[in-house]
Amino acid sequence: MAIRNIVKVGDDILRKKSFEVTAFDERLHALLDDMKDTVKKANGAGLACVQVGLLKRIFVVDVEEGYFEFINPVIISQSGEQY
């Protein structure tokens, strides 16, 4: 497991479209572990894969119950307002 560098605001990669994950292998598991270590080290609540410089549809979220890993997420409905 490793701590990855977090891409800063203004980096062009943050505006690019991420690709669907098709390989569910040991490299994916290692990436997810790295992302969890990185978000923990940064005292963050979550981290998208693009924030570590990779264009993959993956993000991790740290909640009270532990980490949730999302791979190829799809928004199926929405409600409410955001401020």
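These legends go with a handful of close-up views of the structure above. The structure is a predicted model, where local features need pLDDT of at least 70, side-chain atom pairs count only at pLDDT 80 or more, and totals for chains, interfaces and linings use all residues. Residues are numbered from 1 along each chain as its sequence is written, and side-chain values use heavy atoms, with hydrogens and water left out.

View 1. Let's start with Lys36, which sits in helix 1; helices (H or I, at least four residues) and strands (E, at least two) are DSSP runs, numbered from the N terminus. Lys36 counts as buried because its relative accessible area is 18%. For that label, buried means under 20% relative accessible area, exposed means over 50%, and partly exposed is in between, using a 1.4 Å probe and protein chains only. Leaving aside residues up to four places away in sequence, Lys36 touches Val60, Tyr67 and Glu69. A contact here means heavy atoms within 4.5 Å.

**View 2. Lys36 and Glu69, helix to strand.** Here the side chains of Lys36 and Glu69 form a salt bridge, at 2.8 Å from N to O. Lys36 belongs to helix 1 and Glu69 to strand 3, so this pair ties together parts that are 33 residues apart in sequence. Glu69 is partly exposed, with 38% relative accessibility. To count as a salt bridge, a side-chain nitrogen of Lys or Arg has to be within 4 Å of a carboxyl oxygen of Asp or Glu. By this rule the count comes to three salt bridges.

**View 3. Lys36 and Asp33, one turn along.** Stay with Lys36 and look along its own helix. Lys36 also forms a salt bridge with Asp33, and their closest N and O atoms are 3.7 Å apart. Both residues lie in helix 1, three residues apart, which is about one turn of the helix. Asp33 is partly exposed at 28% relative accessibility, while Lys36 is buried at 18%.

**View 4. Asp34 and Arg4, a link across the chain.** The side chains of Asp34 and Arg4 meet in a salt bridge, 3.0 Å from N to O. This pair links distant parts of the chain, with Asp34 in helix 1 and Arg4 in the segment before helix 1, 30 residues apart. Asp34 is buried, with 9% relative accessibility, whereas Arg4 is partly exposed, with a relative accessible area of 28%.

View 5. Asn43 isn't a glycine, yet its phi is positive, at about 55°. You'll find Asn43 in the loop between helix 1 (26–41) and strand 1 (46–48). Asn43 is exposed, with a relative accessible area of 72%. Asn72, another residue other than glycine, has a positive phi near 55°. Look for Asn72 in the segment after strand 3 (66–71).

**View 6. Glu81 and its polar contact.** Glu81 is in the segment after strand 3. Glu81 is exposed, at 65% relative accessible area. Its side chain is joined to that of Tyr83 by a polar contact of 2.6 Å. A polar contact is a pair of N or O atoms within 3.5 Å; within protein, one must be able to donate a hydrogen and the other to accept it, and residues adjacent in sequence count only if both atoms are side-chain atoms.
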